Amino acid sequence: MYTRKSVLNLADWDPILVWYEKAVAAMKARPFTDPKGWRYQGAIHDYTPADDPFPPAPMPPPAEQAKYWKKCQHGSWFFLPWHRAYLLYFEKIVRKTIVGLNGPPTWALPYWDYSVNNNARRLPPAFQSPTLPGGGPNALYVAQRAPNANNNLPVGSSASSNTSGALSKMMFTNTTVAQFGGGTTGFSHNGSFPGQLEQVPHGSMHTAVGGPTGWMSAFDTAALDPIFWLHHANIDRLWTIWLNSAPTRVNPTQAAWLSALGFDFHDENGQPVTIYVNQVLVTTAPLLDYDYEAVPAAAPLVTAVLPGGSTVQPNAVAEMIGATEEPITLGTQVVHTSMALSVPKGPAAHPSVAAAAGGPIGQRSVHLLLENVKAASRPIESYEVYVNVPQGEDPGSHPELMAGLMPMFGVVEASQQDDLHGGSGLNYSLDITNIVTDLSARGAWDPASISVSFVPQRAEGDRETNVVTKTAQVGRVSLYVE
Ligand code: C2O
């Protein structure tokens, strides 16, 4: 059994990182046509010739590209299993490369747990320096990152690395309101219904590391940054943590998820493999054969308990009680919008529900949805979203009113029409139950209207001055109760 360890517990140049660096350098030296090479591995995630930072080189034939490249699953219930399989074969390739360099056969990918405190959002030191301690170029270093990333400063904000929203979700699969693992989709290279984990911390930490123009901020360059793989090991670990946190937290059981789609990769010998979701569900099974250091066997139950002691029911039906009418354009300034709310009429208004919940508007939970979020070119990395900020006041001085983050990872891809996608953009859902409950407890909740503010997320020093910020559009903001 291989153990994936926390990079935070390793010395700056622990042998695990020394060997990772050597393997990355060796993989970078392989031709673009080699499935075990660095560029090929990056292109499996996504590839656009115009964004390719490397010099032109002979490429695999088009049929091979079509079969293996541009396959990352996003905005979808395939997000977690596809990335697990992607990491698995990548890790096998790295390990075999290390063994070929006379390194340890027990090597396993470390994970980056950026959520434990503010300092944990500093990029691990081995990734920050252009040169190795003994001299020579460091293959773990990438210049194209947010300015903070290579200056030993935390990237993003505590909201970027927050896992509690995702871990408190009761179900794996989304309907309207995001759950843990993503929407029920077919093959979804740039699909539009991410689960909560995919939104935050996944998307938010991508853009926190990548900044406005760095590799980690776009699908087609993200996997070229060696930190990508440690980020995804942590996302993969959070899947296990979520499953372990309560007996009711289970994976989907539909054949459409388990066995309908085969994903194609190459193994450590460069041989083609096809893998299905039902083959990657248990990390300790022989094919995967890994576990994580520090995964609690039975973590404390993280469940939103609403006033009256009820928890969100898995069979809840979401009802929309308000929506904006015009699309909203976001840029570098704070943008406010507001909408009228109606009284729930559907299942959320049922007397037994209202009595059980005792919530401010007779509901069990309240969700702000941001729908059809689109951008033609990369906008600001993330927006912070606030509700009911008093007029004329700075949203930043009201952290208690922050509904969450809207990270822009993948927004350009999701806005593009192709043969598989309508280009309808991304959807986000932010659970604002606690905010509504608090407002209502101090008599400050107006059941007839809500205002929403979008604030560009900024960290001190964390922006290149010469970047022209492109706009993003939010098609509709709506409020759902369930
Ligand atoms: Cu397929 Cu974190 O991205």
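Okay, hi everyone. Keep in mind as we go that what you see on the screen is a predicted model.

Let's start with helix α1, which covers residues 15-28. There are 14 residues in α1, and from its first C-alpha to its last the helix reaches 20 Å, close to the 20 Å expected at 1.5 Å a residue. Which residues of α1 are buried? They are Ile16, Leu17, Trp19, Tyr20, Glu21, Ala23, Val24 and Met27. And what do those buried residues pack against? Three helices: α2, α4 and α8, the last one being residues 227-244.

Let's look at one of those partners, α4, at residues 79-100. The axes of α1 and α4 come within 9 Å and cross at roughly 95°. An angle from 65 to 115 degrees counts as roughly perpendicular, so that is what we call α1 relative to α4. On the α1 side, the contact is made by Trp19, Tyr20, Ala23, Ala26 and Met27. On the α4 side, you'll find Phe90, Ile93, Val94, Thr97 and Ile98. Sort the residues of this contact by class and you get 9 nonpolar, 1 polar and no charged ones.

Now a single residue in α2. Gln41 lies in that helix, which spans residues 38-45. Is Gln41 buried or exposed? Its relative accessibility is 3%, and because the cut-off for buried is under 20%, Gln41 counts as buried. Leaving out residues up to four places away in sequence, Gln41 touches Met27, Pro35, Tyr86, Phe90, Ile93 and Trp229.

Next stop, a loop. Ser161 has its place between α4 and α5, where α5 is 164-167. With 5% relative accessibility, Ser161 counts as buried too. If we skip its neighbours within four places in sequence, Ser161 is in contact with Tyr114, Ser115, Arg121, Pro201 and Met205. Here's one to find on the screen: Ser161 and Val200 are 39 residues apart along the chain, and 6.8 Å separates their C-alpha atoms.

On to strands. Asp264 stands opposite Thr274 in β5. Together β4 and β5 form a hairpin, with 5 residues between them. Look for Gly270 in that turn, which has a positive phi of about 80°.

Last, a sheet. This one is open, has 4 strands with antiparallel pairing, and its order is β9-β14-β11-β12. Which strands are at the edges? Those are β9 at 335-340 and β12 at 402-407, each pairing on one side only. Ignoring direction, neighbouring strands here are turned by 25° against each other on average. Between β11, residues 382-387, and β12 there are 5 bridges, and the two strands run antiparallel. Val385 stands opposite Gly404 in β12. Helix α6, residues 196-210, packs on this sheet and touches β11 and β12. The direction of α6 makes about 55° with that of β12.

Definitions and conventions:
Residues are numbered from 1 along each chain as its sequence is written. This is a predicted model: local features need pLDDT of at least 70, side-chain atom pairs count only at pLDDT 80 or more; totals for chains, interfaces and linings use all residues. Side-chain values use heavy atoms; hydrogens and water are left out. Axes are lines fitted to C-alpha atoms, for helices over the stretch in contact, and angles run from 0 to 180 degrees between N-to-C directions. Angles under 35 degrees count as roughly parallel, over 145 as roughly antiparallel, 65 to 115 as roughly perpendicular and the rest as oblique. Contact means heavy atoms within 4.5 Å. Ala, Val, Leu, Ile, Met, Phe, Trp, Tyr, Cys and Pro count as nonpolar, Asp, Glu, Lys and Arg as charged, and the others, Gly among them, as polar. Two strands pair if DSSP finds at least two bridges between them. Buried means under 20% relative accessible area, exposed over 50%, partly exposed in between (1.4 Å probe, protein chains only). The expected span of a helix is 1.5 Å times one less than its number of residues.
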